[in-house]
Amino acid sequence: MIETIEFENYKKKSDIYGTVMYPAVMVGPVQKILLQNVLNNRSNAKIIDPFHGSGTALYEAFEINSNYNLFGIDINPLANIITKAKLQGVDTNILDDINLVKKILIKSSVKFPTVNFVNINKWFRSDVINDLSKIKFAIEQIKSYKNRIFFWVMFSNIVRKYSNTRSSTYKLHIKKKEQIEHMKNNSIMDFCSLIERNYVFYTKSSNSFKLFKGDTLSLLKNFDKNYFDILITSPPYGDNATTVTYGQFSIIVLYWINKNDLELQGWEFDNFSKIDRESLGGYSKGNGTAKYFSYISTLLELIKDDQKKKKVQNFFYDYFTFLDIATYVTKEYIILTLGNRTVNGVNIELVEYTKKYLTDCGWLLKYEGKRNIYSKRTPKIISKNKDRVVYSMNQEFVVIFKKP
């Protein structure tokens with residue numbers, strides 16, 4: 001019995017989720033209580049998060065039982081490396097490697113190559129480029145793979161903090177000139193402080209996990225029928241380019257991480273928006289069916305802007321395709337954290353469409369709940385269209401479906 005999923009007093013600064021910045025993360029205690037409800041103290045389970053993001057659901061499953069078989073898929077290399085760090089943890093020699101990194105960074109005579117990539121001088125000040133290059137070099141000297149991955153994840157916070165992009169949005173927007181000029185550069189000291197303070201959250205290691213970097217629709221269908229006991233995820237609420245720009249947020253960091261430690265398919269650095277473009281609903285894949293269209297035809301009539309209408313259609317075609325595959329590969333429960341966004345003044349009832357679609361597929365709705373979103377980067381009111389106020393998403397919804 002789930003009494004509440006509100007957790008209004010929860011602060012992620014007190015656990016592993018406060019150690020790394022990533023857009024629109026799920027709330028750890030919420031995912032844990034949902035999993036505990038369906039797992040019912042079992043000793044074995046195969047659990048997948050096909051849009052794992054920064055790994056909240058998978059990490060909570062690991063916290064419940066370290067022997068669970070965990071699987072994750074995400075198209076974003078930064079999501080992949082963050083989740084990997086959380087699940088594999090650090091080596092026992094982490095303190096030695098922290099001291100080695102600090103020794104390199106403190107030494108003024110160390111020679112290191114200066115990083116360069118497209119538009120680097122737009123997004124980083126010259127002194128910041130120098131210091132970040134030194135940190136990158138120091139991390140590359142670490143032989144332990146686990147510790148190196150942890151350092152890259154901590155480094156991602158520093159790159160974001162000292163970039164010239166605004167912190168008020170996940171999109172790449174340049175700060176005002178005076179803000180860039182007056183920013184104090186403590187990047188090396190801050191990095192040393194982060195790795196010293198946060199390694200304690202990474203001392204545990206999952207016994208069994210496997211992460212796949214790539215397109216969920218392509219990878220998920222490779223699994224056999226009923227392969228997973230539980231599918232738990234928070235899928236995109238719309239195409240990334242107009243909802244949460246995970247790719248734009250990540251690309252500014254990914255340029256700084258050694259590519260040998262990233263899972264890459266070769267296209268990720270084509271442009272700064274490529275990851276968002278390749279994500280769910282990012283473009284028309286020609287996989288729409290009459291069945292899918294019948295669910296959203298009335299919705300599409302309400303959206304007057306043809307370009308926005310097309311984006312909504314593309315997203316739902318991908319989303320319903322995902323639900324079809326999810327129902328095939330999942331044996332027992334599908335747990336989804338969802339949100340309803342607004343497009344062209346029209347509220348997109350993703351929760352209701354999901355409930356309708358899955359119940360039509362024969363699945364049973366066992367639980368439905370909602371909670372307020374207490375911590376947001378975006379303001380409550382995000383724009384005004386003529387006389388109409390456009391609000392950001394301030395509630396999230398949870399549904400649990402059981403296979404009959």
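Guide: Gladly! This is a predicted model. Here, 78% of the contacts in the protein chain with a separation of 6 or more are between residues 24 or more positions apart.

Visitor: What makes two residues a contact?

Guide: Their heavy atoms must lie within 4.5 Å.

Visitor: How do you know that the radius of gyration agrees with a compact globule?

Guide: We set the value against a rule: with 404 residues, a compact globule would have a radius of gyration near 22 Å, and the protein chain has 22 Å, so the two agree. Its C-alpha atoms fill a box of roughly 65 × 55 × 40 Å along the principal axes.

Visitor: How many of the residues count as buried?

Guide: Of the 404 residues, 56% do. Buried means under 20% relative accessible area.

Visitor: Why is lysine 176 called exposed?

Guide: The cut-off for exposed is over 50%. Lysine 176 has 53% relative accessibility, so it counts as exposed. You can find lysine 176 in the loop between helix H7 (145-161) and helix H8 (177-182).

Visitor: How do you know that the length of helix H14 is close to the expected one?

Guide: Helix H14 covers residues 306-329, 24 residues in total, and spans 35 Å from its first C-alpha to its last. At 1.5 Å a residue, 34 Å is expected, and the span is close to that.

Visitor: What is found at the start of H14?

Guide: There, a side-chain oxygen of aspartate 305 comes to within 3.0 Å of the backbone nitrogen of glutamine 307. The limit for a polar contact is 3.5 Å, so this pair is inside the limit.

How values were computed
Residues numbered from 1 in each chain as written. Predicted model: local features only at pLDDT ≥ 70, side-chain atom pairs only at ≥ 80, totals over all residues. Heavy atoms only, no water. Helix = DSSP H or I, 4+ residues; strand = E, 2+ residues; numbered from the N terminus. Expected span 1.5 Å × (residues − 1). Polar contact = N/O pair within 3.5 Å; in protein donor to acceptor, adjacent residues only side chain to side chain. Rg over C-alpha atoms; globule rule 2.2 N^0.38 Å. Buried < 20%, exposed > 50% of the residue type's maximum accessible area, 1.4 Å probe, protein only.
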